[in-house]
Amino acid sequence: MSRRNSIIVLLFLALLLVPSLAEAKKKNPKIGLSGKFEPITRAEMELQEVPFAPGAPAVILFEGEEKYFDGMATGAAVTRTIYQYRVKILDESGVEEYGDFVATYNNDIEGLKVLARTVLPDGTEIDASDNIHRDRSETGQQILSLAFPQVQVGAILEVIIQYNFEGFYEIGWPVQGRIPALDKLLVYSPPNNLQVQLASALMTPEETQPLVTMGARGQSMVWSYKDVPPITREPNQPPLIELAKTVYIMPVAWRGPGYNIEFASDWKKWNKNEKERWDGWFRTRQAECKQLSKSITESVDGTVNKAEALREDIK
């Protein structure tokens, strides 16, 4: 089955019937992320192999992401994200392949904060803050890289990332990856009257349907998955994103007393809007680069001298 033919689409309004908080906690005790390191459990420390994925080089003990919103009263919506990733190294190949962490973010995110640590097999905790590096790609994207210290078989590596983004945006959240995951969690806490369209790839309707409940930030949609198998490597495979079970969330409209803001009527409209936004961003940056180049070289004669002036300025 192709990925396109396996897309399931649901439509939600973020003002839904909500069960009691006690009922919600009974169904999913871990609603929302604290943004802080939680204690390592005894079971996590003693784990040596994954029963449903024998031979795995590493295992995701927990991977969670929460998105909630501020600024609704002033009309300046801000999406706030907390991301947490905890992985255990199970063999030497896992040391080589999963001892580092790299993530790329759009240029317009703000307030990027990172916590990182290595927990050794004897329980010793090592702060990894000095190993966090930030850079920018040629297109202006923010690159976060982290080389965990003292990575070894049996070590647990953990990173927590928080950042903000002004406005609403589409989310694509892969459920699967190259290594097994014991616990995956996505929490989306939209403001009242935000209409969103949900979609999934390679998932059943039951897997796509979130639990609508009360979380730490108020009413939330929660996706929780346990014992997620890995996507094994095979020759001539398509990109991982084409193979992974994935949940998508697209804001459609935000409606209420005195306002009616439509972001997109469907996925085609959303993609068109995103393309126009990025095209506009590119044209603006291209014009700025041309103006900067002109200001650097206008007092220099000759092509070679102009090129040398630009090279020196870049340095």
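Okay, let's start with a pair of strands: strand 7 and strand 8, residues 142-147, pair in the antiparallel sense over five bridges. Two terms there: helices (H or I, at least four residues) and strands (E, at least two) are DSSP runs, numbered from the N terminus, and two strands pair if DSSP finds at least two bridges between them. Within this pairing, Asp-135 sits opposite Ile-143 of strand 8.

Before I go on, the ground rules. This is a predicted model, so local features need pLDDT of at least 70 and side-chain atom pairs count only at pLDDT 80 or more, while totals for chains, interfaces and linings use all residues. Residues are numbered from 1 along each chain as its sequence is written, and side-chain values use heavy atoms, with hydrogens and water left out.

Now have a look at strand 11, residues 181-189. Eight of its nine residues are buried. By buried I mean under 20% relative accessible area, with exposed being over 50% and partly exposed in between (1.4 Å probe, protein chains only). Which way does strand 11 pair with strand 2? In the parallel sense, over seven bridges, and Lys-67 has Tyr-188 in strand 11 as its bridge partner. With strand 14, strand 11 runs antiparallel, joined by seven bridges; there, Ala-181 stands opposite Val-228.

Tyr-188 turns up again in the largest nonpolar core. That core has 48 residues, and Phe-101, Val-159, Ile-161, Tyr-188 and Trp-223 touch the most other members. The term covers a set of buried Ala, Val, Leu, Ile, Met, Phe, Trp, Tyr and Cys residues joined through side-chain atoms within 4.5 Å. Strand 9 gives the largest share of this core, five residues. As for Trp-223, its contacts, leaving aside neighbours within four places in sequence, include Leu-185, Tyr-188, Glu-207, Pro-210 and Ile-249. Contact means heavy atoms within 4.5 Å.

On to charges. A salt bridge is a side-chain nitrogen of Lys or Arg within 4 Å of a carboxyl oxygen of Asp or Glu, and by this rule there are eleven. Take Arg-80 and Asp-70, whose side chains meet at 2.4 Å, N to O. Arg-80 is in strand 3 (residues 78-89) and Asp-70 in strand 2 (residues 58-70), ten residues apart. Why does Arg-80 count as partly exposed? Because its relative accessible area is 23%. Asp-70 is partly exposed too, at 30%.

Then there's Arg-86 with Glu-158, at 3.2 Å, N to O.

Glu-207 is in helix 4 (residues 205-208), and Lys-245 is in the loop between strand 14 (218-228) and strand 15 (246-256), 38 residues away. Glu-207 is partly exposed because its relative accessibility is 25%, and Lys-245 is partly exposed, also with 25%. Finally, salt bridges that share partners join Glu-44, Arg-86, Arg-117, Glu-125 and Glu-158 into one network.

Beyond neighbours within four places in sequence, Glu-110 is in contact with Tyr-163 and Asn-164.

Last thing: confidence. pLDDT is the predictor's confidence in each residue, from 0 to 100. The protein chain has a mean of 83, and 79% of its residues reach 70 or more. Where is confidence lowest and where is it highest? Lowest in helix 1 (residues 21-27), at a mean of 39, and highest in strand 6 (residues 125-127), at 98. Over residues 13-29 the pLDDT is below 50, and this stretch has 30 contacts in the model beyond near neighbours in sequence.
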